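Colleague: Please put the model up, and then take my questions one at a time.

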Amino acid sequence: VAIFMFSAACASASLTIFFMWDTHLCGEYSRLACRQFGLSVVLAFITWLLQAASSFSGFWLLVSFF
C-alpha cells in the first residue's frame, strides 16, 4: 500500500508543478486553488512517510518474533 501511496503522491506533485510552473494556469485562472493543490501534495507525502514508518515498524515486530 505504501508503494501505491508514494506513486500517487509523486503523480499529484508532478501535476501540481505542471499547473503552477509550466503552464502558468494559476496566474491566468484565479479560480484555481493552487495553494491548496500544493498543500494537498505536502500532506500526501507526509501521509506516505507515516505509512512507510508504520510498515517498517510492523515488519520489524514481525521479524523480532522469530
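Colleague: In which loop is the place of H24?

Modeller: Helices here are DSSP runs of H or I of at least four residues, and strands are E runs of at least two, numbered from the N terminus. This is a predicted model, in which local features need pLDDT of at least 70, side-chain atom pairs count only at pLDDT 80 or more, and totals for chains, interfaces and linings use all residues. Residues are numbered from 1 along each chain as its sequence is written, and side-chain values use heavy atoms, with hydrogens and water left out. H24 sits in the loop between α1 (2-22) and α2.

Colleague: What is the phi of H24, and what is its relative accessible area?

Modeller: Buried means under 20% relative accessible area, exposed over 50%, and partly exposed in between (1.4 Å probe, protein chains only). H24 is not a glycine, yet its phi is positive, at about 55°. It counts as partly exposed because its relative accessible area is 46%.

Colleague: Where in the chain is confidence lowest, and where is it highest?

Modeller: pLDDT is the predictor's confidence in each residue, from 0 to 100. The chain averages 89, and 100% of the residues score at least 70. Confidence is lowest in helix α2 (residues 25-28), at a mean of 83, and highest in α3, at 92.

Colleague: How many helices and strands does the chain have, and why is it called more spread out than a compact globule?

Modeller: The secondary structure comes to 3 helices and 0 strands, in the order α-α-α from the N terminus. The radius of gyration, taken over C-alpha atoms, is compared with a globule rule of 2.2 Å times the number of residues to the power 0.38. For 66 residues that rule gives 11 Å, and the chain is well over this, so it is more spread out than a compact globule, with a radius of gyration of 17 Å.

Colleague: What box do the C-alpha atoms fill, and what share of the residues counts as buried?

Modeller: Along the principal axes, the C-alpha atoms fill a box of roughly 60 × 15 × 15 Å. Of the 66 residues, the share that counts as buried is 9%.

Colleague: Which cysteines form a disulfide, and is C34 buried or exposed?

Modeller: A disulfide is a pair of cysteine sulfur atoms within 2.5 Å, and by this rule the count is 1. The sulfur atoms of C26 and C34 are 1.7 Å apart, and their link is left-handed, with -95° about the S-S bond. C10 is in no disulfide, the nearest cysteine sulfur being that of C26, 20 Å away. The pair is therefore C26, partly exposed at 21% relative accessibility, and C34, which at 7% is buried.

Colleague: Which residues form the nonpolar patch on the surface?

Modeller: Patches are made of residues with over 30% relative accessible area and no salt bridge, joining like charges within 9 Å and nonpolar side chains (Val, Leu, Ile, Met, Phe, Trp, Tyr) within 5 Å. A salt bridge is a side-chain nitrogen of Lys or Arg within 4 Å of a carboxyl oxygen of Asp or Glu, and accessible areas come from the Shrake-Rupley method with a 1.4 Å probe, only the protein chains shown counting as cover for residues. L61 has its place in helix α3 (residues 34-64). The patch has about 750 Å² of accessible area together, and its residues are F59, L61, L62, V63, F65 and F66.
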